[in-house]
Amino acid sequence: MVSSRSMDVAGNLWLCVILLSSISLEGAQNRDKVHPGFQATQMGSIDTSGVFLLSNGSIFGFGFVQASSPTLYSLAVVHFRGNTVVWSANSDNPVTNSDTFDFDENGNAFLQKAGSTVWSTNTSGRGVSAIELPDSGNLVLLGKDSTGVWQSFDHPTDTLLSNQDFTQGMRFMRPGSKNLTYTLEIKSGDMMLSAGYITPQPYWSMGKDSRHLKNQNGGQVVSPRCEPNATWIAALGKDGIISFTSLGSGGTPDCSPVKIPSDACSTPEPCDPYVVCYTGNMCQCLSVLTSHPNCSSGLGSPCDHSKASIDLVSAGEGIGYFALGFVSPSLNADLNGCKTSCLNNCSCLALFYQNSSGDCYLFDSIGALQGSDQNSGFVSYVKVLTGGGKITLPKLVKRLRRKKNFLESLSGMPVRSSYKELQDAKLGQGRFGLVYRGVLPDGMRLAVKKLEGIGQGKKEFRAEVCIIGSVHHHHLVRPKGFCAQGAHRLLAYEYMANGSLDKWIFKRDNEGTLDWGMRYNIAIGAAKDWPTYTKIVMRRLFTVI
């Protein structure tokens, strides 16, 4: 008789046989190396969590890891204990669980997505005999003499390992959370972090940070706060901050994490552009922009200012900027010279002026500003969109869509504008008030008459606009617009470049005056049109009554 214990053991053995037989050869993890002819998919490696190559000490693994979506995957090197991706082949172009990684007989390793190659080592014909993953985390393609032909350490993505050299000419980039790309690279012997604006703006350099050093052989990063033998990573995050984290046993840090920069306000985007960042990551609208939508300057493309007026306004006291300690001044001048340089440069959106040195810094893009209770030592100005300047009437059509009133309900009316849009550019003075000069977007000049002392109410002005808007005659100046805002009454006409007729008839000097023949023709022409003028007067009379 078979005991129940024996049956349990036999059942467990049988279950193990079934489970082992269900794992394909592709799904079995390879230790240390794989050889040409190898192929893998995430689905085929599902029993090993997508990993198909292990380092000798099982510290690192190489395979498919989940990307931003549960159904998409990156081909990556993973630190097992920390569950951390330290290198990725296709972070910007993830694949599905059926897409393949191939290591072909020609020695080329590549990743395909729906039949198209999205990543490759480009090592065909270079004598590659194996892919190796040592306990350093460096994925290496070995030649027949066991020398390295290609290695992941030469192609960093957004993470560095403690034993990884980062040399001149190397860089890694990380897309930020607000459509800005951050870059770590070595320039002129110094490792620098910068933000990808129109002109890149650095915001950290190793040479100005005493906490981290690089060796004399070309850029190996060392953190003095960790043990020399500790395994740690430096990862560039979406916030533009590099986090130095030790990967101890079980993934728990064995030394204090370090962040670069240490203060979030020293990065480009802790707050929106033009918004002031204070200690504790508090964001506050710049005082001069509190009346602007979203605390913005209102400017889009730096040189696309054709449809508006631009002012250079003071940003207030105690305002700094993250890039000031890492860029060279644009020029050296006094404050007025600095402001003039910015105003004359359409791409300049903001300036920072250091009183003590006369250094002037001009920026064609602006991120978050830095706030401090103490004097920053800089005077700052920003360009803002304003509604002042010459009359251009670009928004008159939009004003017709505002709430209905007695004037806007009339058919065939000239376009309506606001009082502010028509009060600029004085041209002269007529019998019933001042006359201003304006310009339409197409360049046509206008004469804008401000009616005063005529005692017109709504009914009278309505009759006036109805009449002048419906009459078209070559001896009459054509109306182009009007304004009825509060007690203000303004009419916009075509501009008479040659001036008023009376100036020619009654000119004091004899030069340029009209001869009597021309005057006679003008009188005859006016007399012929007398019925038209009479009709206009009668229409106005009966409309008012």
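Guide: Start at Cys 277. Cys 277 has a relative accessible area of 1%, so it counts as buried. Buried means under 20% relative accessible area, exposed means over 50%, and partly exposed lies in between (1.4 Å probe, protein chains only).

A word on the ground rules. The model is predicted: local features need pLDDT of at least 70, side-chain atom pairs count only at pLDDT 80 or more, and totals for chains, interfaces and linings use all residues. Residues are numbered from 1 along each chain as its sequence is written, and side-chain values use heavy atoms, with hydrogens and water left out.

Now the partner. Cys 277 is joined to Cys 265 by a disulfide, S to S 2.0 Å. A disulfide here is a pair of cysteine sulfur atoms within 2.5 Å. The torsion about this S-S bond is about -70°, so the link of Cys 265 and Cys 277 is left-handed. Cys 277 sits in strand S24, and Cys 265 in the loop between S23 and S24, so the pair ties together parts that are 12 residues apart in sequence. Strands are DSSP runs (E, at least two residues), and helices are runs of H or I with at least four; both are numbered from the N terminus. Cys 265 is buried too, at 4% relative accessible area.

The loop between S23 and S24 holds another cysteine of interest. Cys 271 is joined to Cys 283 by a disulfide, S to S 1.9 Å. Cys 271 is in that loop, while Cys 283 is in strand S25 (residues 282-285); the pair links distant parts of the chain, 12 residues apart. This link is left-handed, with -85° about the S-S bond. Cys 271 is buried at 2%, whereas Cys 283 is partly exposed at 46%.

Thr 267 belongs to this loop as well, which runs between strand S23 (258-260) and strand S24 (275-278). Thr 267 is buried, with 2% relative accessibility. A polar atom of the Thr 267 side chain lies 2.5 Å from the backbone oxygen of Ala 264. That is a polar contact: a pair of N or O atoms within 3.5 Å, where, within protein, one must be able to donate a hydrogen and the other to accept it, and residues adjacent in sequence count only if both atoms are side-chain atoms. Leave aside the neighbours within four places in sequence. Thr 267 is then in contact with Tyr 203, Asp 239, Ile 241, Pro 261 and Phe 322. Contact means heavy atoms within 4.5 Å.

The disulfide count comes to 5. Among them is the one that joins Cys 342 to Cys 348, S to S 2.1 Å. The torsion about its S-S bond is about -90°, so the link of Cys 342 and Cys 348 is left-handed. Both of these cysteines are buried.

Finish with charge pairs. The structure holds 3 salt bridges. A salt bridge is a side-chain nitrogen of Lys or Arg within 4 Å of a carboxyl oxygen of Asp or Glu. Arg 171 and Glu 185 meet at 2.9 Å, N to O. Arg 171 is in strand S15 and Glu 185 in strand S16 (residues 181-187), 14 residues apart. Lys 187 also pairs with Glu 185, at 3.6 Å between the closest N and O atoms. Glu 185 is buried at 10%. Arg 171 is partly exposed at 42%, and Lys 187 is partly exposed at 43%.
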